[in-house]
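Open the structure in your viewer and keep the selection tool at hand. This tour moves from one stop to the next.

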Amino acid sequence: MKFKLKTITSALVTGGILLGSHSAFANDSDELEKLRALVQDLDQKIRVLDRKNELAEEAAAAKKKETPILNASEKGFGFKSADGNFEIKLKGVVQADGRYFESGQNTVTQAASGASTAGYLTSEDANTGSLLRRVRPTIEGTVFDKYDFRFTEEFGEDKVTSNSGIVDAYIDARFDPSFKLRVGKFKPFVGLERLQSAADIKFIERSYVTNALLPNRDLGAAIHGDLFEGKLNYSLGIYNGVADGGDIKTSADVNKDKDYSARLFATPFKNDDTPLAGLGFGLAATYGDVSGQVKDTVNGSTSELTSGYKSEGQQTIFKYIDGTVLRSGLGGTASNVVGTPSVSGVASDPGADWLAKADGRRYRFAPQASYYYGPFGVLAEYARVSEQVGVGRTSANTVTLNHEAWEIGASYLVTGEDASFKGVKPKQNFDFNKGTWGAWELAARYSELNLDDDTFVFGTSSGAIAGNSVTKAQATALNTTKHWLYADPKTSVKSAHTWTTGINWYLNPEVKFSLNYLYTTFDGGGGPETSTGTPRAGTGTLVSNNSASLTSNAKAKDREDEKAIFVRAQIAF
Amino acid sequence: MKRYILGLAALVAGLSTLTNPIVASAADVTILNVSYDPTRELYQDFNAAFAKYWQAKTGDKVTVKASHGGSGKQARAIIDGLDADVATLALAYDVDQLYEKGKLIPKDWQKRLPHNSSPYTSTIVFLVRKGNPKGIKDWNDVVKPGVSVITPNPKTSGGARWNYLAAWAYALKNNNNDEAKAKEFVGKLFKNVPVLDTGARGATTTFVERGIGDVLLAWENEAFLAQKELGPDKFEIVVPSLSILAEPPVTVVDKVANKRGTAAVAKAYLEYLYTEEGQEIAAKNYYRPTLESVAKKYEKQFPKINLITIDDVFGGWAKAQKTHFADGGTFDEIYQK
């Protein structure tokens, strides 16, 4: 009995243990399943998150391909399409200049009296003082990858001399690197120094080659391009024609004749590993056949004959006989000196018959070269203009005048940057706190302008014709009175020789300070050696005892040396 | 006078030989096929075959470049300026937009090629994991809670629009054409969608390569391809009780082809899709051929499915697009991001 009870009890207890174990095991399985499901669920959620991130990145990358790129950096401001085919850039140049003349500046009183010892002061000439030399915002850009455009307006002092404030307005179609077409108003492809940006020139003012003889801006069209892997640049252009590089003015073409230009510029060692890699040389030429109107406006000229050449100090040192010169040279007011013919009826009025004009062919010839090696740079250029100039309303006194100018300028970056045609990028920008000083450059140049001796001819012109309001007697008087035919050496120089030294401080690629010392000597243009009275001898007296008069061949003394210090603060982007 | 005329004639003849040389030289032609997302393999094979055929026929070397993406997105890209010589998209509405929005093709483009310009057809099936762990057999299974469904975005993908309409058609059939119930049904489906790709191939990547989801609503050809490429031991194809006849159309983009001078080769390219070789290539890539002889040859490859058409159930693509997929349409109401 006891055994049976024990056995039964054991059996019952064992059965109970087994049942308990099984139940526990079943609970563990459920837990495991739940855990498995949870892990799978979490795994899916993580995968979903990863995939969403992946898709978001793909969408962002795709959008980036279409999103315009905004740029605000040392390269300027602007934006362009993601594919680069469309771009617009806002650029600009602001130049604030200060000028101090130690000697040789024009004064208002001298101009008013006419007995100028330093030539004529025009409204464009500036004295000691400050000015905004250039304020030029530029919008340039590209459409459809190959068509560039540029529009520049002048709000600075240059505007004073310009009929319109537009400096550049052109389209450049880059069909191929070797064939591009430019149409509009732009720098004709002629002078090397002119082609250098106003922001990148080494001196505050360009030389006589550029500012006197070679064209500044013109209206026309040109094909241009780079050949032989960019080692030869060529251009051929057709333009309305402008007289000189004095200002950016381009007025309406007064005749159907056009100017043609051609230029070749070679850099044969470009990209080669040789000290000659920075050597460039070339030749430019222009040809035009102009028959301009008589210079009968009160203040200036037609575009066919220069309105005057300036010294490096920006003072007018040469003028052909135009209305201003005629008025100052004879005395009297505009109405009784200038007219076509005289409107006042004053017997001695030369009117349009004594004004100089472009009358025939004009050639320009300009060999040019540049060299850059490390921090050292040189730019040299020569220009010769051969132009036919006449007097009055006929071609009876037309002569061919050959003027020439040349310059050689050198620069050296003492801080070791590489010199180039285009600007300077300092190794380290100026930062007073960091003790970095930007880039410093020394520069020196010699520049010379020589007018043809035949420019200064004292004689009679046979251009006056009787008729309308000019009587036969008046015409005879005009034709028999000796006077300076093309230019008066007492007020216009025969030559100018300028030494310029300078220091440029490039604070960063966009900000530059410059200091120049200019020293110019002249031949002629300083008034008569002896002075008697003033040209204002009454109202339009044709013959005068006044040695300063246009009808006096009194010997000219040299214009006072021009010594000046120019400073400039420039921002260009 | 006679000498002048003879001289002029000689000059003209001389000039014409410059432009039309006596001995024709072989030309290199490139065309761009802008296609919908899952057709990469199809057009890779087809382009090679067409190039060989064209060179043998004309001597010219043709290179066919291809662009793939969601059908709606591709259509928009062409309208925005992508220079497609031909468009091979997922649905006729997207091709219609090339006319409506861009005037790039004529209005009657669909009549220019056989079978409404659809050289092949397809349909929508389910691709599930091996063993079908969630027991998905029909549309009503994909709307159950806990089932994760992968389908692309109907706003960008043509395949996604076919998916949506197939589900809607099923719901209509099983709810006495009750539109409200169909909307509720499709709403539940999209609640089960964790991520929306822009195109069918992206959705396949999500399901197959990223391992997300329990079922992929897929083009039939995509489903077969996934099985073939990644092994039948990983996935199963489930054929629903009802699906939609998808007719991906093709067209020459006339404005582009005429501008590029490729109209002739572009037309020949699409016509070649209808040849026996073109249809064989389509069938081998799991597109249902329209040429009877080839269809018969491959009929065992394709399951028999009860197919409805968009015209029968939805009144055509224009109406379906306006009702369901336009901004503010039913899909926008159903799917909240």
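Start in chain A. Select strand β21, residues 511-528, together with β23: 10 bridges join the two strands, which run antiparallel. Y517(A) has I565(A) in β23(A) as its bridge partner. Bear in mind as you look that this is a predicted model.

Find R99(A) here; opposite it in β23(A) stands F566(A).

Stay on β23(A), residues 562-572, and show its side chains. They alternate along the strand. Which residues point to the buried face? Select E562(A), A564(A), F566(A), R568(A), Q570(A) and A572(A): these point to one face and are buried. Then select K563(A), I565(A), V567(A), A569(A) and I571(A).

Next, go to where the chains touch. Chain B gives eight residues to the contact and chain A gives six. On the chain B side, the residues that touch chain A are three nonpolar, three polar and two charged.

Color chain B by secondary structure. It has 17 helices and 12 strands. The chain has 337 residues, and 45% of them are buried. Take the contacts in chain B with a separation of 6 or more: 73% of them link residues 24 or more positions apart.

Select helix α9 of chain B, residues 200-209. Is this helix enclosed or open? Eight of its 10 residues are buried, so the rest of the structure largely encloses it. Pick out A200(B), R201(B), G202(B), A203(B), T204(B), T206(B), F207(B) and V208(B) to see the buried ones. Step just past the helix to G211(B), which takes a positive phi of about 65°.

For the last stop, show helices α2 (residues 40-58) and α13 (residues 276-284) of chain B. They pack at an angle of about 160°, and their axes are 9 Å apart. That angle is over 145 degrees, so α2(B) is roughly antiparallel to α13(B). Their crossing is right-handed.

Now show the side chains where they meet. From α2(B), select L42(B), D45(B), F46(B) and A49(B); from α13(B), select E277(B), G278(B), I281(B) and A282(B). By class, the residues of this contact are five nonpolar, one polar and two charged.

Conventions. Residues are numbered from 1 along each chain as its sequence is written. Chains are lettered from A and ligands numbered from 1 in the order in which they are written. This is a predicted model: local features need pLDDT of at least 70, side-chain atom pairs count only at pLDDT 80 or more; totals for chains, interfaces and linings use all residues. Two residues are in contact if their C-beta atoms, placed from the backbone, lie within 7 Å. Ala, Val, Leu, Ile, Met, Phe, Trp, Tyr, Cys and Pro count as nonpolar, Asp, Glu, Lys and Arg as charged, and the others, Gly among them, as polar. A residue is buried if 20 or more other C-beta atoms lie within 10 Å of its own, exposed if 12 or fewer, and partly exposed in between; C-beta atoms are placed from the backbone. Helices (H or I, at least four residues) and strands (E, at least two) are DSSP runs, numbered from the N terminus. Two strands pair if DSSP finds at least two bridges between them. Axes are lines fitted to C-alpha atoms, for helices over the stretch in contact, and angles run from 0 to 180 degrees between N-to-C directions. Angles under 35 degrees count as roughly parallel, over 145 as roughly antiparallel, 65 to 115 as roughly perpendicular and the rest as oblique. A crossing is left-handed if the near helix is turned anticlockwise from the far one by less than a right angle, and right-handed if clockwise.
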